[in-house]
Amino acid sequence: MIMQYGMNPHVGHLSFDLNQNPYIKPFSEETSHLIDSEARRYVEEAYERTINLLTEKKDEIEMVAEELLKKEVLTKEDMVRMLGDRPWGEKNTYDELVAGTGGELEDTSVPEGLKGLKEELDASKTEEGDDKKREKGASA
C-alpha cells in the first residue's frame, strides 16, 4: 500500500515501481526509512486492533470454541443461534451482492450460465425435503 499504491499520508501520494530493476531503489535512504517506519506502524495498528477485538469478543469466541469441541463443524444456523444475526444484514441474491459495485457502464446482470440457478437449487431442496419425509414415513 505504501510503496506501490502511494496510500500513506506521510510518504505521500507516490508510487514506486520496483519491478523495473530490483537492485536499484527509486528513492532515497531517508524515504526508505520512512517507508519502513510506516509499514511497521501499519502492522502495530493492525496488531492492536486484533488484540482489542479478541479481548472485546472473548465471551463469544469461547462460546464458539466450546461448540466446535462438541460438534467439530458449525453451520450458519449454529452461528446465528449463538451470536445472532449479522449486524449489517445478509445479501442472498446476485443482484444484492453486486449492487453498488459497478457503474452505469458496467454490466452487473446475472451471467447467462447462472440464470435459473436459484430456482434449480430451491427445487432440489424441496425434493430433498420430500424424500426425507417419505423416508421417515416408511421407517415409522
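Let's start with the largest pocket. Helices α4 (94–98) and α5 (117–139) each supply at least two residues of its lining. Keep in mind that this is a predicted model.

Which helix gives the most to that lining? It is α5, with six residues. In total, 15 residues line the largest pocket. Nearest its centre lie Asn92, Thr93, Tyr94, Leu117 and Lys118. The volume is about 450 Å³. By class, the lining has six nonpolar, three polar and six charged residues.

Next, the second largest pocket. It holds about 290 Å³ of space. Its lining includes Lys76, Met79, Val80 and Leu83. Gly84, Asp85, Arg86, Pro87, Trp88, Gly89 and Glu90 also line this pocket. Here the classes come to five nonpolar, two polar and four charged residues.

Now to a pair of helices. Two packed helices are described by the angle between their axes and the distance between the axes. Take α2, residues 58–71, and α3, residues 76–83. Their axes come within 11 Å. They cross at roughly 140 degrees. α2 and α3 are therefore oblique to each other. Is the crossing of α2 and α3 left-handed or right-handed? It is right-handed.

Which residues make the contact? From α2, they are Glu60, Met63, Val64, Glu67 and Lys71. From α3, they are Asp78, Met79, Arg81, Met82 and Leu83. By class, this contact has five nonpolar and five charged residues, and no polar ones.

One link to finish. Met79 and Leu83 of α3 take part in the contact with α2, and Met79 and Leu83 also line the second largest pocket.

Note on methods:
Residues numbered from 1 in each chain as written. Predicted model: local features only at pLDDT ≥ 70, side-chain atom pairs only at ≥ 80, totals over all residues. Heavy atoms only, no water. Axes fitted to C-alpha atoms, helices over the stretch in contact; angles between N-to-C directions. Helix = DSSP H or I, 4+ residues; strand = E, 2+ residues; numbered from the N terminus. Parallel < 35°, antiparallel > 145°, perpendicular 65-115°, else oblique. Left-handed = near helix turned anticlockwise from the far one by under 90°. Contact = heavy atoms within 4.5 Å. Nonpolar A, V, L, I, M, F, W, Y, C, P; charged D, E, K, R; others polar. 1 Å grid on protein atoms, 1.4 Å probe; cavity = no way out; pocket = protein on both sides within 12 Å on 5 of 7 lines; lining within 4 Å. Points joined across faces, edges and corners; volume = space filled by probe spheres on them.
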